[in-house]
Amino acid sequence: MKLLKQLIFIILCLMILQTITFYTIAPKTILNQVGKNYISYILEYMDNDEVSIAVVSNLNATSVEIKEEILPFQPYSTDILSLETKGDVMGLLHQGYTLIYLLEFDGSHPFFINTIHEAEAAKEYGAGWESKYIWVLYQWILIEKVNTGIS
């Protein structure tokens with residue numbers, strides 16, 4: 001009986017720790033994890049001098065944070081436009097942005113899988129991914145990343 005109580009206490013402590021770290025650390029580190037797992041079908045074919053990037057994301061990240069965390073963006077653009085609402089995404093291409101990157105974080109649950117939808121567009125090209133992450137005590141773990149389409 002004492003062993004059962006200790007086991008329940010340990011499980012309860014781990015659940016509390018999981019919840020606390022999820023709501024304090026996880027929001028700050030998800031962009032870093034997305035940056036580590038970033039895949040582009042478009043960016044590698046663009047000339048460094050003519051790339052300007054607009055990022056539309058619901059992660060409330062600044063342009064500086066985006067450039068620091070998504071390493072493939074660093075050599076391409078000095079200024080990254082960061083927007084929080086989708087609005088007229090295709091209008092950004094007409095404004096001169098050569099790459100539009102969409103990043104949408106769906107769900108925010110400390111004990112279940114969280115999904116991130118990524119997409120990139122440049123002129124007539126586009127690609128999309130769906131990534132599934134889970135938070136485990138102090139870090140995000142990528143479960144799977146699936147290409148949802150390319151044109």
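Me: How many salt bridges does a search of the whole structure find?

Reply: As a general idea, side chains of opposite charge can pair when their charged atoms come close. In this predicted model, a search of the whole structure finds two salt bridges. One of them joins the side chains of Lys 145 and Glu 118, with 2.9 Å from N to O. This pair links distant parts of the chain, since Lys 145 belongs to strand E6 and Glu 118 to strand E4, 27 residues apart. The other salt bridge is formed by Lys 132 and Glu 130, whose closest N and O atoms are 3.4 Å apart.

Me: Is Glu 118 buried or exposed?

Reply: Glu 118 has a relative accessible area of 3%, so it is buried; the cut-off for that class is under 20%. Glu 130 counts as partly exposed because its relative accessibility is 25%.

Me: Which strands does E4 pair with, and in what sense?

Reply: The general idea concerns side-chain direction: in a regular strand the side chains alternate between the two faces of the sheet. In this structure, E4 (residues 114-122) is joined to E5 (residues 125-136) by nine bridges, and the two run antiparallel. E3 and E4 also pair in the antiparallel sense, over seven bridges. Individual partners can be read off: Asp 106 has Thr 115 in E4 as its bridge partner, Ile 116 stands opposite Ser 131 in E5, and Glu 118 stands opposite Trp 129 in E5. Seven of the nine residues of E4 are buried, leaving this strand mostly covered.

Me: How many bridges join E5 to E6?

Reply: There are 10 bridges between E5 and strand E6 (residues 139-150), which run antiparallel. Within this pairing, Trp 135 stands opposite Trp 140 in E6.

Me: Which residues take a positive phi in the hairpins?

Reply: The hairpin of E4 and E5 has two residues between the strands, and there Lys 123 takes a positive phi near 50°. The hairpin of E5 and E6 likewise has two residues between the strands, with Leu 137 at a positive phi near 55°. Leu 137 is not a glycine, and it counts as partly exposed because its relative accessibility is 28%.

Me: Where is Asn 60 found?

Reply: Asn 60 is found in the loop between E1 and helix H3 (63-69). Although not a glycine, Asn 60 has a positive phi of about 55°. Its relative accessibility is 53%, so Asn 60 counts as exposed.

Me: Which residues have the most contacts inside the largest nonpolar core?

Reply: The general idea is that in soluble globular proteins, nonpolar side chains tend to be buried together. The largest nonpolar core here has 27 residues, and those with the most contacts inside it are Ile 30, Ile 66, Phe 73, Leu 99, Tyr 101 and Trp 140. Helix H2 (26-36), strand E1 (53-57), E3, E4 and E5 each supply at least two residues of this core. A second, separate core of six residues includes Ala 54, Leu 92, Leu 93 and Ile 100.

Me: What is Trp 140 in contact with, beyond its neighbours within four places in sequence?

Reply: The contacts of Trp 140 include Phe 22, Ala 26, Thr 29, Ile 30 and Gln 33, and also Phe 105, Tyr 133 and Trp 135.

Me: Which residues of H2 are buried?

Reply: For helices, the general idea is that an α-helix has 3.6 residues a turn, so residues three or four places apart point the same way. In H2, the buried residues are Ala 26, Ile 30, Leu 31, Gln 33, Val 34 and Gly 35. The buried residues of H2 pack against H1, H3, E3, E4, E5 and E6.

Me: Which residues make the nonpolar surface patch?

Reply: The patch covers about 840 Å² and is made by Met 1, Leu 4, Leu 7, Ile 8, Ile 11, Met 15, Phe 111 and Phe 112. Phe 111 is found in the loop between strand E3 (99-106) and E4. With 35% relative accessibility, Phe 111 counts as partly exposed.

Me: How far apart are Tyr 23 and His 109 in sequence and in space?

Reply: Tyr 23 and His 109 are 86 residues apart in sequence and 9.1 Å apart in space, C-alpha to C-alpha. Tyr 23 has its place in helix H1 (residues 2-24). Leaving aside neighbours within four places in sequence, Tyr 23 is in contact with Ser 108 and Pro 110.

Notes
Residues are numbered from 1 along each chain as its sequence is written. This is a predicted model: local features need pLDDT of at least 70, side-chain atom pairs count only at pLDDT 80 or more; totals for chains, interfaces and linings use all residues. Side-chain values use heavy atoms; hydrogens and water are left out. Two strands pair if DSSP finds at least two bridges between them. Helices (H or I, at least four residues) and strands (E, at least two) are DSSP runs, numbered from the N terminus. Patches are made of residues with over 30% relative accessible area and no salt bridge: like charges are joined within 9 Å, nonpolar side chains (Val, Leu, Ile, Met, Phe, Trp, Tyr) within 5 Å. Accessible areas come from the Shrake-Rupley method with a 1.4 Å probe; for residues, only the protein chains shown count as cover. A salt bridge is a side-chain nitrogen of Lys or Arg within 4 Å of a carboxyl oxygen of Asp or Glu. Buried means under 20% relative accessible area, exposed over 50%, partly exposed in between (1.4 Å probe, protein chains only). A nonpolar core is a set of buried Ala, Val, Leu, Ile, Met, Phe, Trp, Tyr and Cys residues joined through side-chain atoms within 4.5 Å. Contact means heavy atoms within 4.5 Å.
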